[in-house]
Amino acid sequence: MESLRSGLLGVLEKIKNSVLLDTKEVDAIIRELQRVLLRADVDVKLVLEVSERVKKKFFSQEVPPGFSKREVLIKILYDELVSLLGGEAATPYTVERVPFRIMLVGIEGSGKTTTAAKLAKYLKESGYKVGLIAADTYRPGAYDQLRQLADAIGVEFYGDPQSKDPVRVVEEGVKLLAEKNIQVFVIDTAGRHKDEEALMQEVSEIYSKLRPDDVILVVDATQGKDVAKQARAFKEVVPLGHVIVTKLDGSAKGGGALSAVAQTGARVAFIGTGEKLDDFEAFDPHKFVARLLGMPDLEGILRRFKAAEERERERAKLIATGKITLLDLREQLLELRKLGPLSKVLEMFGGPPLPVKGSLEGGEEELGKWIAIMNSMTEEELLRPEIIDRSRMLRIARGSGTTVRDVKRLLESYNQMKKLMRQLYRSRRRIAGFPA
Ligand SMILES: Nc1nc2c(ncn2[C@@H]2O[C@H](COP(=O)(O)OP(=O)(O)OP(=O)(O)O)[C@@H](O)[C@H]2O)c(=O)[nH]1
Ligand SMILES: [Mg+2]
């Protein structure tokens, strides 16, 4: 994946070095992105779709306050890469019940046997009692290969080097290992056959006789986008639960393989990143892309986008429903005061003309008074101001060093504000075509 990584870093560098991010600059960036993705063997049609979307999103999106155009483009690029490689992170691989039987399938040399052992190790480390079953009765060395791997990771093993009947081997293996309280069975199957038809025939037969709980297709990243063909072929004979993409280390075509799998609608659960048993990890497109882009500030940008989205959602909710409470109001006023004296704050936003300085100082005083009044209220009063009767007002006024009139004024202003918000919301909804 090194070449994909360095290619994408080049794209990021182009974004960072751009000045205007106008059509011309963005086009150049997109062309670079296309080159990088095509070199990673991503399907041409997908590459065009991604680049179209990046462009369209970028030019139709407003730059949110506090962000730069560059950051917006990086965020869009990140989102599109994540979706290209599999989209929203699904839940991690789960063993839904025990006993659980997992059957690995895949063409010759895709990495099934190695992956069976890696998966067994992973599940063992997740706390399950795991057993490996060698159902490859074709390749002479297959039995020994898996047995040695099982020994190396310390899990139970079953196989029969004399047998030529994979279904019998699995039935026998499941029975014997169940007596040893094995909870998860990982079944390695053969990939070597005289032709594809024979392979599919056998896979289909093992599946229909054994009804495993999950079928995992193992594909080799060095085959790039061609793995989509394999996925489709296997899908025709067995229901594929998951896919594992192996040999992502050192393959220039990993991006093509991952995006091709995502295209078929199958989910990549794990990736293999080396020959050793620990070179194996759960696949999460978000983490994967973040690591691929690997720049230290990416996480910061993503975090800030997330926080901004959340704040916007919260604010929209409050405004939409006119449900802003005094507690929210107090928070807002405290935030405002944190920015410094009111006159300074206004200056920052372009500033009021000097002559109104006197009235602003009045505003300053008012702000302090409001905060003091709200500080003297109980949380219940802040959340449900309608319970504030005359005697509560008296208590609040005394506690805040203000008068009952001040408390009343604050409550009136608050109610007016709420009413205004609700009206605004209704008229907006009407404009948008909603019933009022
Ligand atoms: N670099 C690298 N090599 C891998 C990875 N996974 C498997 N291999 C190597 O790929 C080769 C084939 O792996 P196997 O596990 O034997 O493949 P198989 O699908 O069981 O092959 P058949 O049983 O012949 O169908 C071996 O040399 C493995 O070491 C990986 O993630 N990275
Ligand atoms: Mg094998």
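Colleague: Which element gives the largest share of the lining of the second largest pocket?
Modeller: Helix H5 (112-125) and strand E4 (184-189) each supply at least two lining residues. The largest share is 5 residues, and the element that provides them is H5.

Colleague: What kind of model is this, and how are its residues numbered?
Modeller: The model is predicted, with local features needing pLDDT of at least 70 and side-chain atom pairs pLDDT 80 or more, while totals for chains, interfaces and linings use all residues. Side-chain values use heavy atoms, without hydrogens and water; chains are lettered from A and ligands numbered from 1 in the order written, and residues along each chain are numbered from 1.

Colleague: How many helices and strands does the protein have?
Modeller: Both are DSSP runs, numbered from the N terminus: helices are H or I with at least four residues, strands E with at least two. By this count the protein has 18 helices, and its strands number 8.

Colleague: Is Ser110 buried or exposed?
Modeller: Ser110 is in the loop between strand E1 (100-105) and H5. Leaving out residues up to four places away in sequence, Ser110 touches Val218, Val219, Asp220, Thr246 and Lys247, where a contact means heavy atoms within 4.5 Å. Buried means under 20% relative accessible area and exposed over 50%, with partly exposed in between (1.4 Å probe, protein chains only). Because the relative accessibility of Ser110 is 2%, Ser110 counts as buried.

Colleague: What distance separates the C-alpha atoms of Ser110 and Gly191?
Modeller: Along the chain, Ser110 and Gly191 are 81 residues apart.

Colleague: How far apart in space are Tyr78 and Ala290?
Modeller: Tyr78 is in helix H4 and is buried, with a relative accessible area of 5%. Beyond four places in sequence, Tyr78 touches His286, Val289, Ala290, Leu293, Leu298 and Leu302. Tyr78 and Ala290 are 212 residues apart in sequence, but from C-alpha to C-alpha the distance is 7.8 Å.

Colleague: Which peptide bond is cis, with omega near -5°?
Modeller: Most peptide bonds are trans. Pro99 lies in the loop between H4 and E1. The cis bond, with omega near -5°, runs from Val98 to Pro99.

Colleague: What is the phi of Leu21?
Modeller: Most residues other than glycine have a negative phi. Leu21 is in the loop between helix H1 (2-17) and helix H2 (23-39), and counts as buried because its relative accessibility is 3%. Its phi is positive, near 50°.

Colleague: Where is Arg211?
Modeller: Arg211 is not a glycine, yet has a positive phi of about 45°. Its place is in the loop between helix H8 (196-210) and strand E5 (214-220).
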